[in-house]
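Could you walk me through this structure, starting with its charged side chains and moving on to its sheet? I have the sequence and the coordinates open and would like to follow along.

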Amino acid sequence: MPSKENRRITDVGTLKALAHPLRANLYRLVCAQRAVTASQLADSVGEAVSLISYHLRKLAEHGLIEEAEPQSGDGRERWWRAASDGVSIHDADFRGEPGRAAAHLAASRLFHDQRSDLYRRYLDERPTWTPEWNTAAVDNESWLHLTADELGELRQELEALARKYDAKGRAAEAAGETEGREHVALHMYGFPFRA
């Protein structure tokens with residue numbers, strides 16, 4: 001069973017393993033699907049099963065994913081799941097050494113680009129979603145004047161709220177309430193800027 005906590009990535013090797021464009025996408029898909037095979041992922045991303053299997057093994061080598069219980073009777077299928085409820089990557093763990101800082105910056109930019117691509121895809125597909133989903137979707141900017149401590153407190157409260165709704169959705173799913181459920185991406189950015 002996956003750990004109920006986010007795994008904090010502090011080493012450059014794991015960061016680089018996750019910061020590969022295809023691997024980052026596969027990791028997101030494994031987290032979203034909760035249990036998935038290389039074949040299913042290959043269909044989702046349009047790549048060869050052998051390539052997907054290679055990248056899944058790399059993610060597993062770094063403890064990001066692990067084998068899951070088989071979800072079907074086909075013993076040839078290898079199922080994968082996330083090894084934790086997610087990962088967290090903190091600037092403080094990569095400061096000080098230029099190589100570590102550069103790896104963190106490159107990973108952060110890749111993750112941001114992929115999140116932006118995912119949101120752009122939603123915008124392009126918006127006409128295919130029901131009015132209920134389009135009304136529920138959020139795109140919001142807030143302009144706040146905070147201290148670093150207040151921003152940190154806000155981040156913690158938003159993360160706790162997201163975990164609450166994730167737990168609520170998982171419990172409902174476990175109780176068989178699957179109708180109307182979709183994968184939902186929630187991206188939060190809170191950062192200082194100078195006007």
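In this predicted model, the side chains of Arg170 and Asp166 come together in a salt bridge, with 3.0 Å from N to O. The term stands for a side-chain nitrogen of Lys or Arg within 4 Å of a carboxyl oxygen of Asp or Glu. As background, side chains of opposite charge can pair when their charged atoms come close. Both Arg170 and Asp166 belong to helix 7, where they sit four residues apart, about one turn of the helix. Helices here are DSSP runs of H or I with at least four residues, strands are runs of E with at least two, and both are numbered from the N terminus. Arg170 is partly exposed, its relative accessible area being 28%. On this scale, buried means under 20% relative accessible area, exposed means over 50%, and partly exposed lies in between (1.4 Å probe, protein chains only).

Through shared partners, salt bridges link Arg34, Asp166, Arg170 and Glu173 into one network.

The structure has 11 salt bridges. Another one joins Arg121 and Glu125, whose closest N and O atoms are 3.6 Å apart. This pair lies within helix 5 (residues 98–125), with four residues, about one turn of the helix, between the two positions. Glu125 is partly exposed, at 31%.

Now turn to the sheet, which is open and has three strands in the order 2-4-3, with antiparallel pairing. Strands 2 and 3 are at the edges with a single partner strand each, so one side of each has no neighbour in the sheet. Two strands count as paired if DSSP finds at least two bridges between them. Strand 2 (residues 36–37) pairs with strand 4 over two bridges, and Val36 stands opposite Trp80 there. Strand 3 (residues 65–67) pairs with strand 4 over three bridges, with Glu66 facing Arg81 as its bridge partner.

What covers strand 4 (residues 79–82)? Both of its faces are covered, with Trp79 and Arg81 buried on one side and Trp80 and Ala82 buried on the other. In a regular strand the side chains alternate between the two faces of the sheet.

How far can you trust the model? The mean pLDDT, the predictor's confidence in each residue from 0 to 100, is 93 for the protein chain, and 97% of its residues reach 70 or more.

Residues are numbered from 1 along each chain as its sequence is written, and side-chain values use heavy atoms, leaving out hydrogens and water. Local features need pLDDT of at least 70 and side-chain atom pairs count only at pLDDT 80 or more, while totals for chains, interfaces and linings use all residues.
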